[in-house]
Every structure is written in structure tokens, then in C-alpha cells.
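These are my notebook entries from going through one structure.

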Amino acid sequence: MKKRKERIDRGIKARSADIFALTSYREMLYLLIPGAIPVVGLLCFAPMLSDYWREVIISTAIYALLAMSWDMLMCAGLLSLGQALFFGIGSYIAGSLNYYAGLPPILTIPIATIGGGLICTVLLLPVLRLRGIYFAMVTLVVPLMLSRLVEATRILGGTEGLTGLTPFPNQLTALFIIQLAVLATLFGFRRIKGSDYGLVITGISDNDRSVMSAGLNIYWYKTQVVFLGSSVGCFAGAFGTHMDMFAGMPGFALDYSIMPVAAAVVGGVGTFAGPLIGAFILVPLSEMLRALGALRIVFYGLFLVIFVVGVPEGIFPYIQRKYQQIERWVDVT
Amino acid sequence: MTDQTPLLRVSNLTKTFGGVTAVSNLNFQLQEGKLLGVIGPNGSGKTTLVNLITGFVKPVAGRIEFRGKNITGWPPYKVVGEGISRTFQMVRPFYQLPAYKNLIVPLYSPRVKKLAGGRYGDRSAVALDLLEEVGFERDAYVSYKKAGALPQGYLKRLELAKSMALRPDLVILDELFSGLSLAEVASIVPIIEKLKHQGKTIIMIEHRLKELFRIADRVMVLNYGRKIAEGEAIEVMDSPAVKEAYLGSEAD
């Protein structure tokens with residue numbers, strides 16, 4: 001007897017898609033709990049950790065921002081392998097404003113977010129016509145070029161970088177700033193994707209010629225998406241700079257490009273919550289494996305493979321499906 | 001009335017791909033409210049002509065005028081803004097999206113906003129109305145189905161609805177009937193007749209001559225990128241050049 005898996009939407013899901021949800025506590029909770037988990041988890045749970053783990057959460061959140069920024073570009077079909085570009089640009093803008101002009105973080109971070117977003121968008125403007133692997137190659141190369149440029153011309157501190165930058169007043173302040181940024185990005189991006197504007201964006205990755213023939217200028221929309229994505233990446237860079245009190249060539253390091261992609265793939269591409277979950281699994285995991293020394297990368301790689309093979313759709317879509325649907329095995333007649 | 005300015009005027013249009021001349025020195029005009037059929041054997045440049053008019057490829061030489069305005073070489077989104085919309089021969093839906101959500105994208109365009117007086121309203125409701133017009137059963141599940149799960153007949157209708165969503169003045173239908181059963185074709189023909197009745201100007205690229213000759217006002221025949229005949233359907237049918245190039249095997 002052959003069996004197949006049947007998936008049925010839970011009754012509560014079908015009902016709560018409508019305004020009737022407001023009549024029942026159970027259904028309101030069904031709708032609210034998924035959104036409440038990251039808010040409560042980040043704002044209430046994280047501050048209770050030890051200093052060391054708070055530090056880990058902060059660097060995790062930086063990667064989570066980069067991963068969500070990667071996901072935003074991916075929504076428009078732009079495969080980026082150069083999140084380090086955004087991180088590095090944001091880092092150098094905030095760093096130099098602080099180092100040369102003495103501006104405090106409260107000014108450098110917003111300036112680096114918007115200004116960095118604009119600079120990255122302009123840098124990527126000529127290659128927006130490219131898709132897939134061609135766009136990926138360019139984004140991979142640009143941060144490497146910029147880091148060599150800094151080395152060769154010795155501008156902005158050269159290989160030494162800019163050191164002694166203003167730190168945040170204390171760790172908790174930094175923690176809350178980055179967590180609010182993560183939550184704003186998560187809910188903001190999810191809202192954008194759910195809107196009609198988001199449909200146009202996903203339409204570009206699905207079928208760009210169809211969007212062109214619908215009378216929309218796809219390059220203008222891609223430009224907007226790159227600006228959104230790179231601003232978030234630049235914010236991460238600017239924040240990281242003040243956290244480390246240092247801006248330098250490591251800002252363009254390959255880590256910042258690869259980790260966001262891994263986090264998004266593990267978590268579930270195109271959901272924004274997925275890359276967030278992915279980052280919150282992979283970065284702390286990498287910290288925990290630190291005790292293994294040289295074997296760390298082996299085990300880390302093994303975990304990555306297990307996730308990708310075991311849950312190919314991504315962790316978030318998997319959880320979402322379990323939450324929304326009943327699965328059962330039925331006989332095939 | 002021959003003194004009237006035509007809606008579309010194409011003059012000396014030429015396009016080459018490498019050494020191949022896809023469209024060669026093509027001239028024609030189209031009056032408002034008329035239905036022009038374009039026929040020709042495979043590779044005769046019909047789809048290239050559509051791509052040229054809608055801006056997907058740029059011509060090597062020649063001129064395309066719409067309402068007397070030179071639109072040669074404009075990008076697709078600007079051409080649509082002027083009021084020309086098209087369908088694709090190979091359907092191009094957004095497979096991940098439900099059928100009615102496919103129409104949100106064209107409804108998002110600046111042209112629709114302009115025509116609606118700056119207000120979009122509820123796009124989903126408009127989308128469902130449009131789908132009904134092209135033969136999606138009202139209140140049936142089919143409008144909410146993912147486009148990837150729709151049968152070919154519905155995908156073609158969706159393609160038509162997508163171009164109608166733009167409220168075009170000129171619609172270019174690129175082999176709308178290809179890959180459809182006779183029954184499906186028979187159910188789409190009245191929709192096109194209705195569009196014609198509403199005063200839309202239509203260009204139909206088609207291989208199904210029987211249906212085309214029934215609804216077309218004029219027919220143009222292409223072969224190797226050249227116009228070899230143009231006129232009333234019956235005249236064109238009887239032209240010896242056409243018989244030789246296109247209907248040759250059938251006439252034997």
C-alpha cells in the first residue's frame with residue numbers, strides 16, 4: 001500500500017485570515033505569537049545573559065542584519081556575494097566621520113546608514129542589468145578591490161585602519177540599539193514584501209520581462225531595493241565600527257559576505273525571519289565550537305550540511321508549515 | 001478616411017541579429033479601432049516586430065510612430081506608458097503568485113495610476129473583475145490558484161488579462177491561440193471581438209488562419225522579414241505570393 005502525505009490548513013488558520021479572528025482570544029494569540037517571539041526573545045531574554053554571551057548576541061545581530069539585507073536583494077533576483085561591501089562602506093563612513101570630524105555615534109551611524117546606502121547604490125548602479133551569477137561575481141569582487149585600494153593608497157589609515165573610535169556608553173545600550181534595528185528591519189522588510197510593492201519586487205525575480213511589459217521600470221525598482229538592502233548593511237557596518245572602536249580593511253572581509261548567505265540558506269530564503277533565525281543558529285554555534293580548536297570549522301561545516309540536507313526549504317518555512325498545517329499520511333488508492 | 005492620422009505608423013523598420021535580417025524595411029499603418037492580423041511562416045519576423053514596437057529590442061533603422069509621436073527605441077515601460085500593451089507567445093506569468101495577484105503588477109504601473117486619477121483603489125478587486133472579463137469563473141477557486149498550477153488555457157487568458165489591466169489603446173497579441181484546443185480558442189474569440197467592439201486597436205500575430213480571417217479587418221503577411229502582402233483577408237488569401245510562401249504546402 002502506497003502512502004502519501006496530506007497537508008491541510010488548520011481551521012484556525014483559515015478563520016484567522018479574516019477579521020473574525022478579533023472575536024476570539026485563541027485566534028488572536030495564534031496571529032500574535034509568531035511576531036511576539038522575536039520581540040520578547042531579543043528585548044527581554046538577551047539582556048539577561050552574561051556579558052560574554054551578550055557580546056555574542058550583538059555580533060549575531062550584526063550578521064542577522066547583513067543576512068536580511070542579502071535577502072532583500074534576493075527578493076528582486078539580485079544574488080549578492082558582497083555584503084562585505086555594505087559593511088565596509090558603512091564602517092569606513094562612520095569611522096572617518098568619528099575619527100576626522102569627531103562626530104558622536106548618534107550622528108555617524110544615521111549618516112553612514114543613509115550615505116552608505118546611497119554610495120553602495122551608485123557603485124552597483126552600472127551592474128543592475130546583470131542577473132544571477134554575473135551580479136554575484138561583481139559584488140564579490142568590489143569589496144576586495146576597495147580593500148586593496150585602501151592598502152595601496154594608504155588613505156583612511158591604510159592597513160592600520162582608524163583606531164580609538166568612540167565606543168557606545170555601555171554594552172546594554174549597544175545591545176538595545178542593535179536589537180531594535182534588527183526588529184525594525186525584520187518587520188519592516190516583511191511588511192514591504194507583503195505589500196503590492198513587494199509583489200512587483202518578487203515579480204522582477206520571477207519574470208523580469210513580464211514586469212517590463214507591465215509598464216514598470218525594473219531598473220528603478222532594483223535601485224530602490226539595493227538602496228534598502230545596502231542601507232541596512234551599512235547600518236550594521238557603522239554599528240560594528242563603534243562596537244569595535246575600529247574601522248579598517250577587515251570590514252571588507254569575506255566573512256561578512258559568506259555568513260549572511262549561509263544564514264539565509266539555512267533559515268529560508270525570502271522570508272526575512274529565516275535569515276534572522278539562521279544567523280541566530282550559526283553565529284552562536286560557531287562560538288560554542290571555539291573550544292574544538294582546529295576541528296571547529298569541520299564540525300561547523302558538518303552542521304551546515306546537516307541543516308541544508310535535512311531542511312532544504314529552510315528552518316523558518318518548515319516551522320511555519322508545521323504551525324499552519326496539519327500533516328497526515330493517507331493511503332493512495 | 002485616408003486623411004486621418006493612423007494610430008500606429010511603422011516606416012522602413014529594419015532589425016538584424018548578427019548576419020540575419022529579422023525584419024527588413026517594413027512599412028505599415030494601423031487606423032484606430034482596427035484589427036490587424038500578422039501572419040507568416042516560422043522565423044518570418046513576426047515576434048521580432050512585436051518586440052520592436054514594444055521596445056524589447058531596438059531597431060537598426062526605421063521609425064515607429066504612435067499617435068504621431070516617435071517612440072522608436074523607447075524602453076518597454078515608456079512604450080506601455082503611451083498605451084501599447086502586449087502578450088507573450090510563451091506565457092510569462094508569475095508562477096509563484098495566485099492568478100489574481102499576477103494582475104497586481106500591471107495594476108501598479110504609473111499608467112493605471114494616471115488613468116485612475118491618481119488613486120489606485122483596491123487592486124485585488126479590480127484584478128478579480130479583469131479575470132472575470134477574460135473568462136475566469138467568478139467566485140470560483142481558479143482565480144486564487146497559483147499561476148504555476150493553472151492549465152495552458154487559463155494561462156493564456158491570464159496573459160490577456162495582464163495586458164488589458166494596463167488599459168491600453170493598442171493591444172498586441174503574440175500567438176494567443178498557440179497551444180490551445182479548438183474549444184479553448186472558440187471561447188477566447190468572443191473576448192477579442194468584445195475588445196474590438198470597445199474600440200481597442202489590436203494587432204494579432206497568429207497561425208490559426210481560420211479564426212484570424214474571421215475577425216481581422218486587414219491582414220499583413222511577412223516572409224523573411226519582408227512584407228509580401230497586405231489587404232483584406234480574402235485578397236490576401238488569394239494572393240499567389242502568399243500561397244507560395246506560406247500556404248504553399250496546404251494549397252497543393
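Entry 1, a helix pair in chain A. I looked up the handedness and found that helix 4 of chain A passes helix 5 of chain A in a right-handed crossing. I note that the model is predicted. Helix 4 covers residues 83-101 and helix 5 covers residues 105-124 of chain A. Their axes come within 9 Å and cross at roughly 135°. Angles over 145 degrees count as roughly antiparallel, and the helix 4 and helix 5 pair of chain A is therefore classed as oblique. I recorded both angle and distance because two packed helices are described by these values for their axes.

I then listed the residues that meet. From helix 4 of chain A they are A:Leu85, A:Phe86, A:Ile89, A:Gly90, A:Ile93, A:Ala94, A:Leu97 and A:Asn98. From helix 5 of chain A they are A:Thr108, A:Ile109, A:Ile111, A:Ala112, A:Thr113, A:Gly115, A:Gly116, A:Ile119 and A:Cys120. I sorted this contact by class and got 11 nonpolar, 6 polar and no charged residues.

Entry 2, chain A against chain B. How many residues of each chain are in contact with the other? I found 15 residues of chain A in contact with 22 residues of chain B. On the side of chain A that touches chain B, helix 8 (196-206) and helix 9 (208-212) of chain A each supply at least two residues. Helix 8 of chain A gives the most to that side, with 5 residues. By class, the side of chain A that touches chain B has 6 nonpolar, 6 polar and 3 charged residues.

The assignment divides chain B into domain 1 (1-83 + 168-252) and domain 2 (90-167). I noted 24 Å between the C-alpha centres of domain 1 and domain 2 of chain B. Across the boundary, 11 residues of domain 1 of chain B are in contact with 13 residues of domain 2 of chain B. On the domain 1 side of this contact, helix 2 (76-82) and helix 8 of chain B each supply at least two residues. The largest share of that side, 4 residues, comes from helix 8 of chain B. I counted classes on the side of domain 1 of chain B that touches domain 2 and got 7 nonpolar, 3 polar and 1 charged.

I checked B:Arg167, which sits in the loop between helix 7 (152-164) and strand 7 of chain B. B:Arg167 is not a glycine, yet its phi is positive, at about 50°. It counts as partly exposed because it has 17 C-beta neighbours inside 10 Å.

Next I moved to the loop between strand 7 and helix 8 of chain B, where B:Glu175 lies. Phi of B:Glu175 is near 50°, again a positive value in a residue other than glycine. Is B:Glu175 buried or exposed? B:Glu175 counts as buried because it has 20 C-beta neighbours inside 10 Å, and the cut-off for buried is 20 or more.

B:Gly179 is in the loop between strand 7 (170-174) and helix 8 (182-197) of chain B. I found 14 other C-beta atoms within 10 Å of B:Gly179, so this residue is partly exposed. Last, I took a distance: B:Gly179 and B:Leu7 are 172 residues apart in sequence and 30 Å apart in space, C-alpha to C-alpha.

Methods:
Residues numbered from 1 in each chain as written. Chains lettered and ligands numbered in written order. Predicted model: local features only at pLDDT ≥ 70, side-chain atom pairs only at ≥ 80, totals over all residues. Buried ≥ 20, exposed ≤ 12 C-beta atoms within 10 Å, placed from the backbone. Domains from an automatic or database assignment. Contact = placed C-beta atoms within 7 Å. Nonpolar A, V, L, I, M, F, W, Y, C, P; charged D, E, K, R; others polar. Axes fitted to C-alpha atoms, helices over the stretch in contact; angles between N-to-C directions. Parallel < 35°, antiparallel > 145°, perpendicular 65-115°, else oblique. Left-handed = near helix turned anticlockwise from the far one by under 90°.
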